[in-house]
Amino acid sequence: MRLSSPNLTHNCLKIALFTLSLLLISLNVSTAQDAETAVDTAAAPEQAADSVNIAPLPASNIKAIDLPNDNGGAVFISWELSPDDDGNGKVSGYLVQRSESKDGPFETAGKAVRGATKFTDNKTNDDKIYFYKVEAYLEYLDAAGEKVRITSAATVTGPVQSSAQWFNMNRLYVLLFLLFVAGAIMFYIEKAKKGDEIYIRKIAGIDAVDEAVGRATEMGKKIFYIPGIQDMNDVQTIASIAILGRVAQMAAEYDTWLEVPVSKSMVLVTAREAMKEAYTKVGRPDALQDSQVHYLTDDQFGYAAAIDGMIVREKPATIFYMGAFFAESLILAETGNSVGAIQIAGTAMPAQLPFFVAACDYTLIGEELFAASAYLSREPRQLGSLKGQDMGKGLFILCIIVGVILATLNIWDMSVIFVSR
Amino acid sequence: MRRQIPILITTIAGLVFAISYFIPHDPFGESESIFGDWITIVQAFAVWLGALNLLKISFEKISNKTADWPYAAIIVVSLMGTLAIGFYDGYSGMAQDPQVSFRDPGTNFDWLYRFIYTPLSATMFSMLAFFVASASYRAFRARNVQATLLLIAGFFVMGGRVPLFDMMISPITDFPVFSWFADWIMTYPNTAGQRAIMIGIALGIMSSSLRIILGIERSHIGGGSG
């Protein structure tokens, strides 16, 4: 329906009147709000004035001790809450004051929020003695908007001196566990050295290394070995280079081209040394070429892009992914899968394991990556270390069973053993 | 000697690191940060090794006209170009008042970073979404009992992460079956599995470290095993 001209005028008038009334209402509301705010503002100094003369009651039972299990330079101060610190706004926090003399002068070592009962002063000198006092304080704005602070009375505690400790007692149980596992590993290494048979379960992913290298040889194609994107200070990269040594020996024996693109300069040097050693061991040092181990880039996705390009162009028969991987894991593994390469992965990054399991033919899960080098070497001493590791696993299983029983019985005191700080 | 010295350094460094975890007193307390500084310094120098190796390999490919030599040419041009622009910006920035770093906003180097490097990285990262889809398709095919369990778990976890599935069954029950089951899978079976893997990894690292410290494992220093 089309609006006629008089109707339009009438409607416009209605809209204008409605808008005007809305404006008037909003003006009234804002005026009322302003008035309320003005009343609030006027009341504020009164409320502040009420609390001006009330200093909070002091904190009690103040103790200052050398912070335990540290490298020195720290004092731990604890106290019981001021009776006024009950959440009603009579206490804003606590001032921790420090002095080298009992009579002062004191300087502020730090502040703790209300409800806090401890503070660590990390700025002490081990050669000096200190005295501390803890003052509860109340802070508010006065009528002029200035911040005013009133503090409680406080007793001085001390003397205390910080010092470094020779053993972190919080880690005692870690040490005991470490000694147990290390002892078991040493025991089995010695046992293996004496010629005792060590049984190690079969690991499909490692057994497939031979097959994977053989396949590349039969097809006359390359093998790619990707040692992850972390540097040599990561134990996964070290494990990866150890496995590379074994793979390189097989590749050298079969005369198959093994290419190792790396993302870190130090890995480049180490991988090259491991390859050189492997090729020398099988009597073919001349077969190794410099271009087999080469640097690409430190950048995560630049590295992934470069390897993807190499995989698509050169279509290797076999790809190994061994080491620490992040988001690039699936990008690499899926590209390898798309060209039909046999892929063996191994990583101790739990978040990347599902990707490798989905995209690769075999995956070494967590500890298997670290066991791979020893497993491939078949050397008794290395296999002995794996057996010792299993003893540690046995201890863990025992602890889990005991823990479940204790938790079921609602006994929690023993859990302190498993807490390390 | 070529092997003994690296093994000795490895053993000493490994033992110092292990001891410093239990002894906070100096010199052990500071050793971790000291070694950390050394690693940073060595890594900084080692960058040149990588860059020179990249250039050497690329130049060889170009001069031998191997199959993929144009890619090698792109690498050389990109590397040298970025280096030149960075140096130019750094040099010209020194003459300005206040001085401008080559990494500051508005420089040519910054332009390269924002409009070439960042989109390229984002492109690579974005491809992950497609790869996740193709990998999931293969992983979730119910070929055997394990794959079927994975499929069921995946169905509930994915269904529980969006409100649509709970909404679809709301005419039958108000109880959020999908999100409850997804949370249960993630909290119990998934956490238990993850922890089992983590415990195995920790023991593997201990065993590996001991082999390296004792010099039984030497492959990483080009020495083969014991």
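## Confidence in chain A

Over residues 1–9 of chain A the pLDDT stays under 50, and for this stretch the model has one contact beyond four places in sequence. The pLDDT is also below 50 over residues 19–52 of chain A, a stretch that has seven contacts in the model beyond near neighbours in sequence. The coordinates discussed throughout this report belong to a predicted model, and where pLDDT is low, the predicted coordinates should not be read in detail.

For chain A as a whole, the mean pLDDT is 84, with 87% of the residues reaching 70 or more. Within this chain, helix H1 (residues 5–52) has the lowest confidence, at a mean of 44, whereas strand S9 (residues 223–226) has the highest, at 97.

## An open sheet of three strands in chain A

Three strands of chain A form an open sheet in the order S1-S2-S5, and their pairing is antiparallel. Strand S1 (60–66) and strand S5 (118–121) of chain A stand at the edges with a single partner strand each, so each of them has one side that is left without a neighbour in the sheet.

Between strand S2 (residues 75–80) of chain A and S5(A), the antiparallel pairing extends over four bridges. Within this pairing, Phe76(A) is placed opposite Thr120(A), which belongs to S5(A).

Strand S3 (residues 93–99) of chain A is largely enclosed by the rest of the structure, because five of its seven residues are buried; a residue is counted as buried if 20 or more other C-beta atoms lie within 10 Å of its own. Strands of a sheet pair through backbone hydrogen bonds, either parallel or antiparallel.

S3(A) is joined by six bridges to strand S4 (residues 107–113) of chain A, the two strands running antiparallel, and here Tyr94(A) stands opposite Ala112(A) of S4(A). S3(A) is also joined to strand S6 (residues 130–141) of chain A, through seven bridges and again in the antiparallel sense. In that pairing, Arg98(A) has Tyr132(A) of S6(A) as its bridge partner.

## Backbone exceptions

Most residues other than glycine have a negative phi, and most peptide bonds are trans. Asp255(A), which is not a glycine, has a positive phi of about 60°, and this residue is found in the loop between helix H4 (235–254) and strand S10 (258–262) of chain A. Asp255(A) has 10 C-beta neighbours inside 10 Å and therefore counts as exposed. Phi is likewise positive, near 45°, in Lys315(A), a residue of the loop between helix H6 (300–314) and strand S12 (318–322) of chain A. With 15 other C-beta atoms within 10 Å, Lys315(A) is partly exposed.

In chain B, the peptide bond from Asp26(B) to Pro27(B) is cis, with omega near 5°, and Pro27(B) is located in the loop between H1 and H2 of that chain. Asp97(B) and Pro98(B) are joined by a cis peptide bond as well, with omega about 0°; Pro98(B) has its place in the loop between helix H3 (69–94) and H4 of chain B.

## The contact between chains A and B

In the contact between the two chains, 56 residues of chain B meet 66 residues of chain A. On the chain B side, the elements that give two or more residues are helix H1 (4–22), helix H2 (28–64), helix H4 (108–139) and helix H7 (177–213), and H7(B) gives the most, with 16 residues. The residues on this side of chain B divide into 30 nonpolar, 20 polar and six charged.

One part of the contact can be described through two helices: the axes of helix H9 (residues 367–377) of chain A and H7(B) come within 7 Å and cross at roughly 30°. Because angles under 35 degrees count as roughly parallel, this crossing makes H9(A) roughly parallel to H7(B). From H9(A), the residues Glu367(A), Leu369(A), Phe370(A) and Ala371(A) take part, and they meet Gly200(B), Ile201(B), Leu203(B), Gly204(B), Ile205(B), Ser207(B) and Ser208(B) in H7(B). The residues of this contact of H9(A) with H7(B) comprise six nonpolar, four polar and one charged.

Terms used:
Residues numbered from 1 in each chain as written. Chains lettered and ligands numbered in written order. Predicted model: local features only at pLDDT ≥ 70, side-chain atom pairs only at ≥ 80, totals over all residues. Buried ≥ 20, exposed ≤ 12 C-beta atoms within 10 Å, placed from the backbone. Pairing = 2+ DSSP bridges. Nonpolar A, V, L, I, M, F, W, Y, C, P; charged D, E, K, R; others polar. pLDDT = per-residue confidence, 0-100. Axes fitted to C-alpha atoms, helices over the stretch in contact; angles between N-to-C directions. Parallel < 35°, antiparallel > 145°, perpendicular 65-115°, else oblique.
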